Amino acid sequence: MATTTETLTLNMGPQHPSTHGVLRLVLELEGEVVRKCTPVMGYLHTGIEKEMESRTYHQNVTLVDRIEYLANYNEEMAFHQSVERLFGLEPPPRARYIRILMCEMNRIASHLMYLGAGAMDLNVSSVFLYCLQDREKFLDLSEMISGQRMMPGYFRVGGLAEDLPDGFVAASRAWLDEMARRIDEYDRLLTDNLIWRERLEGVALLSPEDAIALGGTGPVLRGSGIAHDIRKVLPYGGYEEFDFDVPVERGCDAFARYRVRMEEMRQARRIALQALDRLPDGPVIVNDRKVALPPRAELARSMEAVIHQFKLVSEGMHPPAGETYVATESPRGEKGYFVVSDGSNRPVRVHARAPSFYNLQTLPAMVEGRPLADVVVAVASIDIVLGDVDR
Amino acid sequence: MVDETSILDRLRPHVPWDRLAARVERGGAVVEAPADVLLAVLRAARNRLGLDTCADITAWDRLPREPRFEVVYMLGRAGTGDRLMVKALAAGEPPRLPSATAVYRGAGFPEREVYDMFGVVFDGHPDLRRILMPDDWEGHPLRRDFSLFEEPVEFIGHTPKVPSEIIPYFPPGSPSGSGGETPPR
């Protein structure tokens, strides 16, 4: 029988349970082996960057929440870092600590989603249920603090919308205590599980050179042995005041990325506990009436406060003309906003540097020359958020 | 904030410095390069300064100024806080710039995005296609003259508005009470 060398072109997605959204991969297969992988995206493109040009900075917080929708607090952190650098503003210490607390708890919740969804892709569905159960408790905390389970809109330029509600510190401490046990439990359940290791070890290999050259960041880069964490190399928002380690694994495979994220959950817990222990007192937003809304109580007594409130709500704030880019570390990697202001109440240009967009660029290097079944592992291991890819 | 003057000093001997405009803006090192020396600057940044990552490429529309499009390259070095922002103006219609893919492999996706959104053509890019918009889309949506419209709704007497009518534009330094002007087109 003559052998054929014909290749088969297979569309994986856009509707596929393991693409974590609407991602289409055009795979050229030679038997079971992937010869070429072409990601096709844009199915979730909502024109957020265009929309932001016709809205005030305050209104845009609503939109940035929807980009990386599993890490809303980290997303708001990134946007506000850039806008605050335009103003040259620094939020008060209490606001900085609460921001870091929320970002790190959100990092745990986001990695839980990675773990659950990634495990479910490999048919370990019980882990998915456990992880979502834990994440649910973070969503309750988010609801407590902002009224919203997702898309909280809690950060403001110069600080926060409101101070912590009563009982929040105790509730978040209780969740973090519980998470310590739960993370160890997942570790015991998976790390030495033969099936889990065989499915992940040596799969979706990404060399450090490819990871750097293709713009991979976050756990994708750290799983390839590069110790690069924006919180350490370019500290922002007060991270320099916290003790934490940057987990690095040299395996370059899906298992290394899994190990990095497991350890990152523990480190995020460590940072969050430090923030709770050392939470300073004081205001949660700057006392600048051209940027921050006046306190509610002042409106009843002061005409100026009413005018400022009216101007800020109807017109918004005017950052000085100029442009800025501040990198931050989201659960998926480097997230930064490039913001151009002409001094008016609306940005001229807002661009989100999306970690998932660049991590997706590393995907072909991970799967080409490997079996088709490994594509599912590779997509799960980069923890893709399509809202972040497509914006 | 890291001191970024040193990175400019390290770059100086390796590039045609008198053709560049370098400054430190809000704590970040910025180099403006004319289109014809852009690749030389990127190569020097990569090979001489060790800036091995192209963290991001984006652009913005400077309408009504000419040339309209400023493409921004954000370079970095993995494992360190070294950062350099390189900027180049793309002139002509369609605006053109040499592709950075020969220097930074990771420029593939972001240059496609800039082409998709602004119509900037990167000469030498191996696969310059739209990336986020549909393949048959006409126009480049992030250009400032590509207007947004509200979706028509079937209410009697409802006329679709452009968002600039919903949120008034207040130019820089507008005195209190003014505003609602048409933004520059």
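This is a predicted model: local features need pLDDT of at least 70, side-chain atom pairs count only at pLDDT 80 or more; totals for chains, interfaces and linings use all residues.
Q: Start with chain B. What is the strand order in the open sheet of five strands?
A: The order is 1-2-5-4-3, and the pairing is mixed.

Q: Which strands are at the edges?
A: Strand 1 (21-25) and strand 3 (53-61) of chain B. Each of these pairs on one side only.

Q: How many degrees are neighbouring strands turned against each other?
A: On average 20 degrees, ignoring direction.

Q: Which helix touches strand 2 of chain B?
A: Helix 2 (residues 38-47) of chain B packs on the sheet and touches strand 2 (28-32), strand 4 and strand 5. Its direction makes about 170 degrees with that of strand 5 of chain B.

Q: And what does helix 3 of chain B touch?
A: Helix 3 (residues 108-118) packs on the sheet too, touching strand 3 and strand 4 of chain B. The angle between its direction and that of strand 3 is about 5 degrees.

Q: How many bridges join strand 4 to strand 5 of chain B?
A: Eight, and the two strands run antiparallel. B:Met74 has B:Met85 in strand 5 as its bridge partner.

Q: Switching to chain A. Where are the domains?
A: Domain 1 is 8-40 and domain 2 is 48-390. Their centres are 28 Å apart, taken over C-alpha atoms.

Q: What area is buried between domain 1 and domain 2 of chain A?
A: About 1,500 Å², with 70% from carbon and sulfur atoms.

Q: How many salt bridges and polar contacts between them?
A: Zero salt bridges. Four residue pairs are in polar contact.

Q: Which strand gives the largest share of the domain 1 side?
A: Strand 3 of chain A, with six residues.

Key
Residues are numbered from 1 along each chain as its sequence is written. Chains are lettered from A and ligands numbered from 1 in the order in which they are written. Side-chain values use heavy atoms; hydrogens and water are left out. Two strands pair if DSSP finds at least two bridges between them. Helices (H or I, at least four residues) and strands (E, at least two) are DSSP runs, numbered from the N terminus. Axes are lines fitted to C-alpha atoms, for helices over the stretch in contact, and angles run from 0 to 180 degrees between N-to-C directions. Contact means heavy atoms within 4.5 Å. Domain bounds come from an automatic or database domain assignment. Buried area is the accessible area (1.4 Å probe) that two parts lose on being put together, summed over both. A salt bridge is a side-chain nitrogen of Lys or Arg within 4 Å of a carboxyl oxygen of Asp or Glu. A polar contact is a pair of N or O atoms within 3.5 Å; within protein, one must be able to donate a hydrogen and the other to accept it, and residues adjacent in sequence count only if both atoms are side-chain atoms.
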